[in-house]
Amino acid sequence: LRTPDFWHKENSKRCYEKAKEFLPGGVTANIKHFPPYPITMKRGEGAYIVDVDDNRYIDLLMGYGALALGHGHQKIKEAIEEQFQIDGTHLFGTPHEKEVSFAKRLQEHMPSLEKIRYTNSGTEATLLAVRLAYAYTGKKKIAKFEGHYHGGFEEVLYSITPTISEAGPGENPHPVPESSEIEAGTDEDTVILPFNQIEDCKNILRRYKDELAAVIVEPVQGGFIPASRSFMKQLREVTKELGIVLIFDEVKTGFRTGLQGAQGFYNIKPDLTALGKVIGGGFPFGVVGGKDEIMMESSPNKGKDLFDAQTAKQAANKSDVLFHSGTYNGHPMILAAGHATLDVLEHEYHDTEKRTNQFRKALEDMFSAYGYPMITVGTGTIFSVVLTEKERLINYRDFQKTNLQLRKQFDYCMLREGVYTKPLNRYSMATVHGDDVIESILQSTERVLQRGGLSPI
Ligand code: PMP
């Protein structure tokens, strides 16, 4: 950042140049790109990752939160090796036992998941949840919150990172397309809500109640800005009153905001839940679960006996059943990795959360000692370092007003110290971030703050 060759990472630079010949922008997901060029990694082990120039980093990105046990955990290796012996890679394509045992296990943690379907990503999970809500209600609009991310399909690609000047009034935000090819004009199908502002939300929901199939929400925005308890409670009440399906997108918060997810943390029963990340143990995975009568929209024959003549006749009418399929749904290797992940988390989650809280406190004390106003914002095992004089954040607009430039500069300085995160991202803690690793991050932080390198860029 200070010089074009800030990194001095020759091999990463070479990899990037080569990648650009084959991959648009040199990356396979736009989010992987950051200036001057992304760092190419070659190895991960526990809390550490190693780049192609042989620099070692403590990893705080942890696969955008997907790796709750760190890199290459022994229990995951054993589970997939064992599964591989049974199954090769993907022999089945049929029902198998782990589909049921894993569903049962998720339900034990989140009793709202009365029935479950598997997908191959968080995006597919939120997409199926939204479609289930359309099918169940017969309505065609959804409402989402400003600054909330739910994956890469049309209806939710609005107002994730809008500039405030184009986003309209705070109490009634305008939908702002997040991608080319998303028409500003299609906004009639996506209504935007302001997070943590319940009276404004109620006004908007009442206005659109006859057309809204669902409200989809990250109960903890971006995995770090929590809803207030009273906001969540009232959002549950008003959606119930208006006959709107409430979808919790717990792709980030599942097994990170406690072992019962955000729904346990808030003690709220959503109608539908989307999960992903942690439960796949590092593999591509998603889950949709929720109320029996909504989930049954996707059941062949709506759960009735196939051999009943009348049902069989109805089943022939495909448009009665919500389409849901996928070659890899319920992939045995991924379910094996998911089981192994939960085996470990059920024992180690609480210690990880405790260490996360101690780490947050130590960071806050250190920033304060060096005269930088900073708060950590988060729940469970994810949080963000936010440079602000405020005591708390309530939503996207609030976050935009914090010192993002300074935060970015801090991240670049930490990268130079060997602490990895994508600039501006959250910190995702894993069971492998032990006291020694945290101490080492704190020493790096102190060196950065001591140097006083954090002047505006
Ligand atoms: N919802 C949330 C809250 C997410 O954080 C993400 C991914 N960051 C998604 C949905 C999409 O998941 P995936 O990247 O697995 O498609």
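**Ligand shell and a helix**

Modeller: This is a predicted model. The ligand has 13 residues around it, and the closest are Ser121, Gly122, Thr123, Gly151 and Val251.

Colleague: Which helix gives the most to that shell?
Modeller: Helix α4, residues 122–137, with three residues.

Colleague: And how many are nonpolar, polar and charged?
Modeller: The shell has three nonpolar, seven polar and three charged residues.

Colleague: New topic: α13. What should the helix span?
Modeller: It has 17 residues, 435–451, so at 1.5 Å a residue it should span 24 Å. The end C-alpha atoms are 24 Å apart, which agrees.

Colleague: Which residues in α13 are buried?
Modeller: Val437, Ile441, Thr445 and Val448.

Colleague: What comes just after α13?
Modeller: Gly452, with a positive phi of about 65 degrees.

Colleague: Switching to Ala47. Where is it?
Modeller: In the loop between β1 (41–45) and β2 (48–51).

Colleague: Does Ala47 count as buried or exposed?
Modeller: Buried, because Ala47 has 24 C-beta neighbours inside 10 Å, and 20 or more is the cut-off.

Colleague: Which residues is Ala47 in contact with, leaving aside neighbours within four places in sequence?
Modeller: Ile58, Asp59, Gly70, Ala430, Val432, His433 and Val437. Val437 is one of the buried residues of α13.

Terms used
Residues are numbered from 1 along each chain as its sequence is written. This is a predicted model: local features need pLDDT of at least 70, side-chain atom pairs count only at pLDDT 80 or more; totals for chains, interfaces and linings use all residues. Helices (H or I, at least four residues) and strands (E, at least two) are DSSP runs, numbered from the N terminus. The expected span of a helix is 1.5 Å times one less than its number of residues. A residue is buried if 20 or more other C-beta atoms lie within 10 Å of its own, exposed if 12 or fewer, and partly exposed in between; C-beta atoms are placed from the backbone. A residue is near a molecule or strand if its C-beta atom, placed from the backbone, lies within 6 Å of it. Ala, Val, Leu, Ile, Met, Phe, Trp, Tyr, Cys and Pro count as nonpolar, Asp, Glu, Lys and Arg as charged, and the others, Gly among them, as polar. Two residues are in contact if their C-beta atoms, placed from the backbone, lie within 7 Å.
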